[in-house]
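Let's take a walk through this model together, one region at a time. Keep the 3D view open and turn it as you read.

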Amino acid sequence: MKSKFVHSNWRKLMGAALGVSLGANIGIASAAGVNETGLAVTDDTVKVGILHSLTGTMAISETGAQEAEKLAIKQINDMGGILGRKIEIIQEDGASDWPTFAEKSRKLLVKDKVAAVFGCWTSASRKAALPVFEKENGLLYYPTFYEGLEQSKNVIYTGQEATQQILAGLDWVAKEKGAKTFYLIGSDYIWPRTSMKIARKHIENVLGGKVVGEEYKPLGNTQFGSVINKIRLKKPDVIYAAVVGGSNVAWFKQLKAAGITGKKQTLLTLSVTEDEVLGIGGENLEGFYSVMKYFQSLDNPNNKAFVKAFKEMHGEDSVIGDVTQAAYLGPWLWKAAVEQAGSFDVDKVVKVSETAGIELKDAPEGYVKLHPNHHLWSKTRVAKWNKDGQATVVFESDLIEPNPFPEGYQ
Amino acid sequence: MGYSADEMMAIFAMQGFAGISLFSVLLLMALGLAIIFGQMGVINMAHGEFMAVGAYTTYMLSVLSEEFFPGFIQYYFVFAIIASFIIAGILGFLAEFALIRHLYKRPLDTLLATWGLSLIMQQVFRSVFGAREVSPTLPDWLLGSYQPTDMIDIPLNGLFVLALTFFVTLGVFLLMFKSRWGLRVRATTQNRVMSSAVGINTKMVDRLTFALGCGIAGIAGAAFTTIASTGPTTGSLYIVDTFMVVVFGGAASLFGTIASAFSIAQAQSILEFFISGSMAKVITLLTIVIILMMRPEGLFSIKVRK
């Protein structure tokens, strides 16, 4: 018994030694230095982390993002990987709990030594993980449209910051619908409040319009009867909404039940993507508008290929919302930066991302380019929802410069 | 502000209905819990999850009828409510048999056990139906609004929940106060040993009471699919409001539950109209806390021999 044990161990050791010496030879021959960054890089693999909520209340939203990241990584691997190395995924569950995000980030960076992490969804989870990424010098690709007011060396933001999403949409509704009066309503936390602050400044100072009401409801609230009556009393030209999560469904169902429909009332929302429509139901949204940078219905060959590949991998019934597409960009942006830097080293990848004008020419949403401030130049689109849960784009802006610290809007 | 009298009247009417609608929602949520808490002294932390069972039952029937009997979609909702009652009731019956009955002498442990049950049920929902929230397809007669005049819109789903709450409450009253079974339940509550001595099967009474409470939670869940969406954690959204209504009303009294639901709903909806939603909630909760400090037993209480 004992001798057998020793024997098999000995063979393993021999094998490992052989592997190491072989590997070392190839390493010297092909890409010197790439493996010596202290990250989990070998001659044919590089490890990355995916960190989203697979359980808990946020799993609804984050499922699509992690599916898109896996699709991008699979496609990159099929093309031969990055610097000749296949990407290996280590997936962790943030469990909709913000301290867990910090803890799992530390595990990914310190124990697994991943070269990059694709993850987080809510601002709260990002804020919790951020100190870890800054301390351990990790690299996070963050996919959600968010309130701005942040720029970390260790984060690349692939969604829109607030001014990109808000200003173009408000300009459109003022011009196209002649809107003068606005009723602002959102869920009660940082993203809607910051967004509404920017919207109010823009409405009052730039568009010369008037905000006739501003209201925040607790997260998870399902009763909108009183607010709807207030709105009816104020008769705004536009209802401007950022209600999130389960509340969103109640909000739109009750609007429809109260006879406020897309036929009579202009409503522009910041928080409805194709993902939310599954719950809300197309019939409750018909005729209302969303402002986002991406819609599944975008009519261009890159998007069609993306939608097809996504459905092949994750099922015919899956839908793709704004954040899902932004999450898909993360691995591609990382690939472009790593290849240009010739290294997985975080400092080098960040430097290239800031200075080299990393761009994706054929992203599903169209051309995007990294700005030195770590956000993306992107277009903003307004689309009208149809009964079938898809949206028709009615307006498309030019490329908008990201401006996470907008002067005059704070 | 410059509103005509007609407009003010219309808003007044609609706002009044908003309050009544919230009242019916709160009452429907709380009824099942009030029965279980009031008659058995068990605090059912999984109450919200039994509501979710009803909501998911409705969703499944909606999917099934869309798939196999498209013509049936206008009527399935009625059957969904009945099915929700039965399925949630059966699950409640089993939960009492497997779990609750072993813990009657340890009230704090029932709290923990039913909380554990709620977590298990949430994970089952997540594994079976996925993490995304779902909504059943509603029949046309539940969508839109009733317009008595040009300016007044009364939501049809609100009217529906109101009517449903009325009938369920009426049913519970008849069952509790006019039927032989209700007599046995009340007898067991008042004096378990004596009831047992005169031949009442108190164990079966407990089991059916728990099943009834859970079944009513199932009805509430089915009804709320007309208002909001259903996800694995939907139940935990409702549980706080539900407990608030039951505790404020006085744990052992159905009248108290009704009065409590009415006053909370009216306070909430009137305040919401004049100040912001979050502040309205704060003021309502503060008022409840103050009243409970003065009357710890709640609005109404029945004296029970312990």
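Start in chain B, with helix 1 (residues 5-40) and helix 8 (residues 202-224): their axes come within 7 Å and cross at roughly 170 degrees. Axes here are lines fitted to C-alpha atoms, for helices over the stretch in contact, and angles run from 0 to 180 degrees between N-to-C directions. Helix 1 and helix 8 of chain B are therefore roughly antiparallel to each other. (Angles under 35 degrees count as roughly parallel, over 145 as roughly antiparallel, 65 to 115 as roughly perpendicular and the rest as oblique.) Helices (H or I, at least four residues) and strands (E, at least two) are DSSP runs, numbered from the N terminus.

Who touches whom? On helix 1 of chain B, the contact residues include Leu28(B), Leu31(B), Ile35(B) and Met40(B), while helix 8 of chain B brings, among them, Phe210(B), Leu212(B), Ile216(B) and Ala220(B). By class, this contact has 14 nonpolar, four polar and one charged residues. Two residues are in contact if their C-beta atoms, placed from the backbone, lie within 7 Å. For the classes, Ala, Val, Leu, Ile, Met, Phe, Trp, Tyr, Cys and Pro count as nonpolar, Asp, Glu, Lys and Arg as charged, and the others, Gly among them, as polar.

A quick word on what you're looking at: this is a predicted model, where local features need pLDDT of at least 70 and side-chain atom pairs count only at pLDDT 80 or more, while totals for chains, interfaces and linings use all residues. Residues are numbered from 1 along each chain as its sequence is written, and chains are lettered from A and ligands numbered from 1 in the order in which they are written.

Ile200(B) has 17 C-beta neighbours inside 10 Å, so it counts as partly exposed. (Buried means that 20 or more other C-beta atoms lie within 10 Å of a residue's own, exposed means 12 or fewer, and partly exposed is in between; C-beta atoms are placed from the backbone.) Leaving aside neighbours within four places in sequence, Ile200(B) is in contact with Arg184(B), Ala187(B), Thr188(B), Ser195(B) and Val205(B). From Ile200(B) to Thr225(B) you go 25 residues in sequence and 38 Å in space, C-alpha to C-alpha.

Now for where the chains meet. The contact takes 34 residues from chain A and 34 residues from chain B. On the chain A side, helix 2 (59-78), strand 7 (210-217), helix 7 (225-234), helix 8 (246-257) and helix 9 (274-280) each supply at least two residues. That side has 12 nonpolar, 15 polar and seven charged residues.

Zoom in on helix 7 of chain A and helix 1 of chain B, whose axes come within 9 Å and cross at roughly 170 degrees. They are therefore roughly antiparallel to each other. Among the residues that meet here are Asn229(A) and Arg232(A) from helix 7 of chain A, and Met14(B) and Ala18(B) from helix 1 of chain B.

Chain A is divided into domain 1 (45-160 + 299-378) and domain 2 (163-292 + 382-396), with bounds that come from an automatic or database domain assignment. Taken over C-alpha atoms, 28 Å separate the two domain centres. Their contact takes 15 residues from domain 1 and 12 residues from domain 2.

Chain A also has an open sheet of five strands in the order 2-1-3-4-5, with parallel pairing. Its edge strands are strand 2 (86-93) and strand 5 (155-157). Another open sheet has three strands in the order 11-12-13, and its pairing is antiparallel. Two strands pair if DSSP finds at least two bridges between them.

| Strands of chain A | Sense | Bridges |
|---|---|---|
| strand 1 (residues 45-52) and strand 3 (residues 117-119) | parallel | three |
| strand 11 and strand 12 (residues 368-370) | antiparallel | two |
| strand 14 (residues 381-385) and strand 15 (residues 391-396) | antiparallel | five |

Strands 14 and 15 of chain A form a hairpin with five residues between them, and Gly389(A) in the turn has a positive phi of about 85 degrees.
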